[in-house]
Amino acid sequence: MPSLTRKMKKTGAGLRAVAVSAAAACLAVTLTGCGGLDTTAPSAARARPAATVQAARLGAVDCREVKCIALTFDAGPSEHSARLLDILKEKQVHATFFLLGKRHIEKYPDLVRRMAAEGHEVASHTWDHKILTRIEPDEIREELRRPDDAIERLTGHRPTLMRPPQGRTDDTVHEICREEGLAEVLWTVTAKDYRTTDSALITKRVLAQADRDGIILLHDLYDGTVPAVPGIIDALKERGFVFVTVPQLLAPGQAEPGKVYR
């Protein structure tokens with residue numbers, strides 16, 4: 001019979017292995033609830049109609065009745081954004097852009113104006129992509145206010161949505177977003193296009209994960225992403241999906257500042 005010492009060593013090793021696996025899983029799926037992140041699904045938002053929602057925000061699409069999906073792009077504008085806007089216009093698709101301030105909004109102000117003028121939702125991805133959970137509250141406010149100020153100057157509309165870098169958020173971030181009038185938007189579909197330039201692979205990953213009320217995360221600054229967009233749009237339209245912006249996905253509900261949507 002194994003000694004008590006051996007049993008304890010085995011048990012300890014097993015517990016350590018479980019802990020390591022759990023930590024790895026949590027890191028890999030940061031946005032699926034590890035750490036107790038409380039998120040609101042689009043269907044739950046739609047179940048609470050907002051009296052102030054404008055008809056124009058809902059548009060001709062009612063996601064309570066049709067199979068909607070939202071195409072979102074992070075960390076632009078970039079040298080590829082003009083081509084992306086051409087594709088979206090040709091395909092008659094509106095997207096949500098979570099824009100970076102430093103080296104992006106600053107560098108491509110005309111593209112920011114064009115995004116808004118062509119009916120896309122223009123939102124924030126912070127000023128300098130700092131991980132908000134690692135910085136002080138005053139720095140968080142600065143990361144949120146600077147891009148919002150810049151977008152408002154360019155478009156006349158102050159963003160109501162933001163996406164935290166790497167999806168990392170916590171109670172402090174929620175509270176500051178509430179103060180700033182911002183709701184946080186995460187995602188349900190990722191192609192991990194920051195790891196590949198293979199457009200076919202990006203398309204395959206998106207199509208494998210797409211579902212009703214999905215929020216697709218892509219980055220228009222990477223070389224392989226924009227070439228994948230036409231195929232993604234065509235394939236999902238064939239499956240009966242209707243592309244909408246994030247506000248349209250939530251309507252007739254409305255994103256509430258300080259809440260996290262996914």
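Q: Which strand holds V260?
A: In this predicted model, V260 has a place in a strand that covers residues 260-261. That strand is β9.

Q: Is V260 buried or exposed?
A: The relative accessible area of V260 is 2%. A residue counts as buried under 20%, so V260 is buried.

Q: Which residues does V260 contact, leaving aside its neighbours within four places in sequence?
A: V260 belongs to strand β9, and its contacts reach to other parts of the chain once neighbours within four places are set aside. C177 is 83 residues away from V260 along the chain, yet their C-alpha atoms are separated by 9.9 Å. The residues in contact with V260 are D38, T39, T40, H174, E184 and L186.

Q: Where is P252 found, and what is the omega of the peptide bond from A251 to P252?
A: P252 sits in the loop between α11 (246-250) and β9. The bond leading from A251 into P252 is cis. Its omega is near 10°.

Q: What about P77: which loop is it in, and what is the omega of the bond from G76?
A: P77 is in the loop that runs between β1 (68-76) and α4 (81-91). The peptide bond from G76 to P77 is cis. Here omega is near -5°.

Q: What is the phi of A75, and is A75 buried or exposed?
A: A75 lies in strand β1. Its phi is near 70°, a positive value in a residue other than glycine. The relative accessibility of A75 is 6%, and the cut-off for a buried residue is under 20%. A75 therefore counts as buried.

Q: Which residues does D74 touch, not counting those up to four places away in sequence?
A: D74 is also in strand β1. With a relative accessibility of 3%, D74 counts as buried. Its partners beyond four places in sequence are F98, H125, R163, L217, L218, H219, D220 and L221.

Q: Is Q92 buried or exposed?
A: Q92 is in the loop between α4 and β2 (96-99). Its phi is near 55°, which is a positive value in a residue other than glycine. The relative accessible area of Q92 is 74%, and a residue counts as exposed over 50%. Q92 is therefore exposed.

Q: How does H157 count by relative accessibility, and which residues is it in contact with?
A: H157 lies in the loop between α7 (137-155) and β4 (161-162). At 36% relative accessibility, H157 counts as partly exposed. V122 is 35 residues apart from H157 in sequence, and the two are 8.6 Å apart in space, C-alpha to C-alpha. Leaving aside neighbours within four places, H157 is in contact with E121, I151 and E152.

Q: Are α9 and α10 roughly parallel or roughly antiparallel to each other?
A: Two packed helices are described by the angle between their axes and the distance between the axes. For helix α9 (residues 199-209) and helix α10 (residues 229-238), the angle is about 30° and the axes are 9 Å apart. Angles under 35 degrees count as roughly parallel, so α9 and α10 are roughly parallel.

Q: What is the handedness of the crossing where α9 passes α10, and which residues make the contact?
A: The crossing of α9 past α10 is right-handed. From α9, the contact uses I202, T203, V206 and L207, and from α10 it uses G231, I232, A235 and L236. By class, this contact has six nonpolar, two polar and no charged residues.

Q: Which residues is T203 in contact with, leaving aside neighbours within four places in sequence?
A: T203 is placed in helix α9. At 15% relative accessibility, T203 counts as buried. The residues in contact with T203 are A228, G231 and I232.

Q: How many helices and strands are there in the protein, and what share of its residues count as buried?
A: The protein has 11 helices and nine strands. Residues 24 or more positions apart account for 76% of its contacts with a separation of 6 or more.

Technical notes:
Residues numbered from 1 in each chain as written. Predicted model: local features only at pLDDT ≥ 70, side-chain atom pairs only at ≥ 80, totals over all residues. Heavy atoms only, no water. Axes fitted to C-alpha atoms, helices over the stretch in contact; angles between N-to-C directions. Helix = DSSP H or I, 4+ residues; strand = E, 2+ residues; numbered from the N terminus. Parallel < 35°, antiparallel > 145°, perpendicular 65-115°, else oblique. Left-handed = near helix turned anticlockwise from the far one by under 90°. Contact = heavy atoms within 4.5 Å. Nonpolar A, V, L, I, M, F, W, Y, C, P; charged D, E, K, R; others polar. Buried < 20%, exposed > 50% of the residue type's maximum accessible area, 1.4 Å probe, protein only.
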